[in-house]
Amino acid sequence: MAFNSLSVEAAPHPGSGRSAPADLPPGERGVRGRIAAVVALLALVALSSSLWHGRSGGGLGGAGFSLAFTLDGWRSWGLVVLTLVAGALLVGAGVLWTARRPWGIVLGGAIVVAALALGSWAVVTGQRFGTLSVAELQAAHLGTSRAQLEQRLGAPLLTNVTATASTPAAALECDIYRTHADSNFPVAALCFRDGGLALKLSEQGGVVP
Amino acid sequence: MTIASVTASGGVLRQSRGEEGTPRRVLGGACAELARRLNAPVGFLRGLVVVACWFSPRLVLVYVAAVLLVPRGMRRWPGWGNLIGGLRVGVLYGVLFAVAGGGVLGSPMFDQSPAVWITQGGVALVTIVVLFASPGVDSERHQRELALASLALIAVAGALVLGMIVAPQIRWEQVAAAVVVLTGGVLVVGGRRARGLLLPAVVAASGLVLLAASGARLQEVSDTRMCGPCVLPRSRPATVSRSGPSMSISPRWPRVVGC
């Protein structure tokens, strides 16, 4: 057999004298191979976040307006961040699987740790919403700015839901809030025109004075 | 053994995963190629991809991009094999969309008569089985032939859609049947030189069977009215006359009661 028909692709790295799991045959890939596999599976857990709550829809109406909405239980950026986390975990798993030098292993570990930290933060913060009690709903003055209300009440479940009316020009932009801290339903809506509060709707009571 | 590698496991000589060591390609070939490059278990990678696409369907686009863009084997650039992989994914998507998406040709599959859904389901099932069981095409020349023939099929399908828009009065499913028959003739006459047309012709013929089974026409419909059973006055029996693609009923609708 001629030597040039050989490829020494699986040899240990000459500098470090170490091999990556990708260089080794099945059954001999060691702890790092198993860790890389577990990290890849964690990426699936991050991707499954869209299924945790399921999507649920609802609707509100009153004073000639009606609005329909779909909730997925996450802040608008939550699922995007968790998708990025899943991608980072897959990259980290790939680096751990292929790294031959110690700094490569450190880099892979750092990527995984950072992705897990970001994912944990997104899971905690991405599901934290403000609550709008009936008393707060009644106390909100018409004309109050959206920024002031959000600062006082916290993040809404859903923003920029259009409340349609008989004439398209009269449509309002609404923020949907949960009315109980431990559940997404029932909800209430604060609807704005030109940046000021114009209409208050409650799922239970319709238009709130 | 033509390509070998000295592994780190005690200097044991083992076969490397060169081009001929690539795991069998099942659909687009992206997982097999990644498994070859990473020396990773291909089953694990396939499981990851399937579950990830189920959780986040938009990742199918990433998979398709990998199928089309990751060079196969020792190549430096994507080749005809990538295009064939993309076409295979497209065929699977088309079959799944037709059966599970909007139902075959727009209506839920099992709402139709058994004669319709058994035929349609059978054609879809056979297409999926053939797709997954068919061996990969390894020769560069055969890959090129197959890819060009498939692109010709896509061009014919595009021309049919365009024809339906431009000339809606023509029965385009009959034109399509004529094209398939013509392709069969080319296959017979061309022999081995035309064998790249075989798979596209089979796919096209399956599509036509699907159409014929559903009774659908490749004609643009400008207005569709649904009505229940009609009760016609005994004094004025209805007559249905048909002229080309249009149909008229006499007496006219307002005089028909119960519609």
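Modeller: What follows goes through the numbering, a core, one glycine, a sheet and a pair of helices.
This is a predicted model, in which local features need pLDDT of at least 70 and side-chain atom pairs count only at pLDDT 80 or more, while totals for chains, interfaces and linings use all residues. Residues are numbered from 1 along each chain as its sequence is written, and chains are lettered from A and ligands numbered from 1 in the order in which they are written.

Biologist: Which residues touch the most other members in the largest nonpolar core?

Modeller: In soluble globular proteins, nonpolar side chains tend to be buried together. A nonpolar core here is a set of buried Ala, Val, Leu, Ile, Met, Phe, Trp, Tyr and Cys residues joined through C-beta atoms within 7 Å; a residue is buried if 20 or more other C-beta atoms lie within 10 Å of its own, exposed if 12 or fewer, and partly exposed in between, with C-beta atoms placed from the backbone. The largest such core has 34 residues, and those touching the most other members are Val39(A), Ala43(A), Ala46(A), Val85(A), Ala86(A), Leu89(A) and Ala93(A). Two or more residues each come from α1 (30–47), α3 (78–98) and α4 (102–125) of chain A, and from α1 (30–38) and α2 (42–55) of chain B, where helices (H or I, at least four residues) and strands (E, at least two) are DSSP runs numbered from the N terminus. The most is given by α3(A), with 11 residues. A second, separate core of 21 residues includes Leu149(A), Ile176(A), Phe192(A) and Leu201(A).

Biologist: Is Gly33(A) buried or exposed, and what is it in contact with?

Modeller: Gly33(A), found in helix α1 of chain A, is buried because 20 other C-beta atoms lie within 10 Å. Contact means that two C-beta atoms, placed from the backbone, lie within 7 Å, and, leaving aside neighbours within four places in sequence, Gly33(A) is in contact with Pro21(A) and Trp97(A). The C-alpha atoms of Gly33(A) and Thr98(A) are separated by 9.3 Å, although these residues are 65 apart along the chain.

Biologist: What is the order of the strands in the open sheet?

Modeller: Strands of a sheet pair through backbone hydrogen bonds, either parallel or antiparallel. Two strands count as paired if DSSP finds at least two bridges between them. The open sheet has 5 strands in the order β3-β4-β5-β6-β7 (chain A), with antiparallel pairing, and its edge strands, β3 (158–163) and β7 (206–207) of chain A, each pair on one side only. Strand β4 (residues 172–180) is joined to β5 (residues 183–193) of chain A by 7 bridges, and Glu173(A) has Phe192(A) in β5(A) as its bridge partner. Then 6 bridges join β5(A) to β6 (residues 196–202) of chain A, with Leu190(A) opposite Lys200(A). These two strands form a hairpin with 2 residues between them, and Asp194(A) in the turn has a positive phi of about 55°.

Biologist: At what angle do the axes of α6 and α7 of chain B cross?

Modeller: Two packed helices are described by the angle between their axes and the distance between the axes. The axes of α6 (residues 140–166) and α7 (residues 172–190) of chain B come within 10 Å and cross at roughly 155°. The contact is made by Val156(B), Leu160(B), Gly163(B) and Met164(B) of α6(B) with Trp172(B), Ala176(B) and Val179(B) of α7(B). Axes are lines fitted to C-alpha atoms, for helices over the stretch in contact, and angles run from 0 to 180 degrees between N-to-C directions.
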